[in-house]
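Q: I would like to learn how to read the features of a protein structure one at a time. Could we take a single case together, slowly?

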Amino acid sequence: MEKTSILALVISLVICLISSLLGFSHAKHGLLVVIGKVYCDTCRVEFETKLSQPINAKVHLECKNRTDERIVYSKDAVSDKLGMYSIPVEGDHEDELCEVRLIESPRNNCNEMMESWRKARVVLTRRDGVTDLTRQTNNLGFKIKPEDVDTKACVKVLEEMGFVVDGKTRMVEIPS
């Protein structure tokens, strides 16, 4: 459990550092920057584990009018080899519903979108009291094909996380 906590802390620090670096170049222009991560769920449990792998996938940012759902702003991006994407956003979108969604995975064995993690809502306004111009979304993910799951490795990781006790899964289902 201690290793998991340390790993989570290291990942958080890396994401903060990357977000600062990605957002800095656009900050001088006053642009908001949406950042996030795309990963492959190699255990098909629909959440990120230490076995999850980053994907350089296509994502799409879209802001819609709250009243008539007309698209007001949209922009595409591709995540890098670490799965990280950065989308500079022009204008203020206070009165709009904005979200980033998955478009496509380059991996044939990991291209099934997870229903819960195929899109992430993001607030894109400077009128919300947040001074940082970087806006971070929840991580988005694809699931690996069931036949490519390393069940033994996944069970081990889930045991470490407390989801498997005495060989029986709790709250998650691992493909066999």
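Q: In what order do the 4 strands of the open sheet run, and is the pairing parallel or antiparallel?

A: Strands of a sheet pair through backbone hydrogen bonds, either parallel or antiparallel. Here the open sheet has the order E4-E3-E6-E8, and its pairing is antiparallel; two strands count as paired if DSSP finds at least two bridges between them. E4 and E8 are the edge strands, each of which pairs on one side only. From one strand to the next the twist averages 20 degrees, where axes are lines fitted to C-alpha atoms, for helices over the stretch in contact, and angles run from 0 to 180 degrees between N-to-C directions. The names come from DSSP runs, numbered from the N terminus, with at least four residues (H or I) for a helix and at least two (E) for a strand. E3 and E4 are joined in the antiparallel sense over 7 bridges, and Leu 61 stands opposite Lys 75 in E4.

Q: What should I keep in mind about the model and its numbering?

A: This is a predicted model, in which local features need pLDDT of at least 70 and side-chain atom pairs count only at pLDDT 80 or more, while totals for chains, interfaces and linings use all residues. Residues are numbered from 1 along each chain as its sequence is written, and side-chain values use heavy atoms, with hydrogens and water left out.

Q: How many disulfides does the structure hold, and which cysteines form them?

A: A disulfide is a covalent bond between the sulfur atoms of two cysteines. Cys 40 lies in strand E1 and Cys 110 in the loop between E6 and strand E7 (112–113), so the pair ties together parts that are 70 residues apart in sequence. Cys 43 and Cys 154 form another disulfide, which is left-handed because the torsion about its S-S bond is about -95 degrees. This pair links the loop between E1 and E2 with helix H2, 111 residues apart. Cys 63 and Cys 98 also form a disulfide, and it is right-handed because the torsion about the S-S bond is about 115 degrees; Cys 63 is in strand E3 and Cys 98 in strand E6, 35 residues apart. When the bonded cysteines are numbered in sequence order, the pairing reads 1-5, 2-6, 3-4.

Q: Is Cys 40 buried or exposed?

A: Cys 40 counts as buried at 0% relative accessibility, where buried means under 20% relative accessible area, exposed over 50% and partly exposed in between (1.4 Å probe, protein chains only). Cys 110 is buried too, with a relative accessible area of 0%.

Q: Where does Glu 69 lie, and what is its phi near?

A: Most residues other than glycine have a negative phi, and most peptide bonds are trans. Glu 69, in the loop between E3 and E4, has a positive phi near 60 degrees, and at 55% relative accessibility Glu 69 counts as exposed. Glu 46 also has a positive phi, of about 65 degrees, and its place is in the loop between E1 and E2.

Technical notes
Disulfide = S-S within 2.5 Å.
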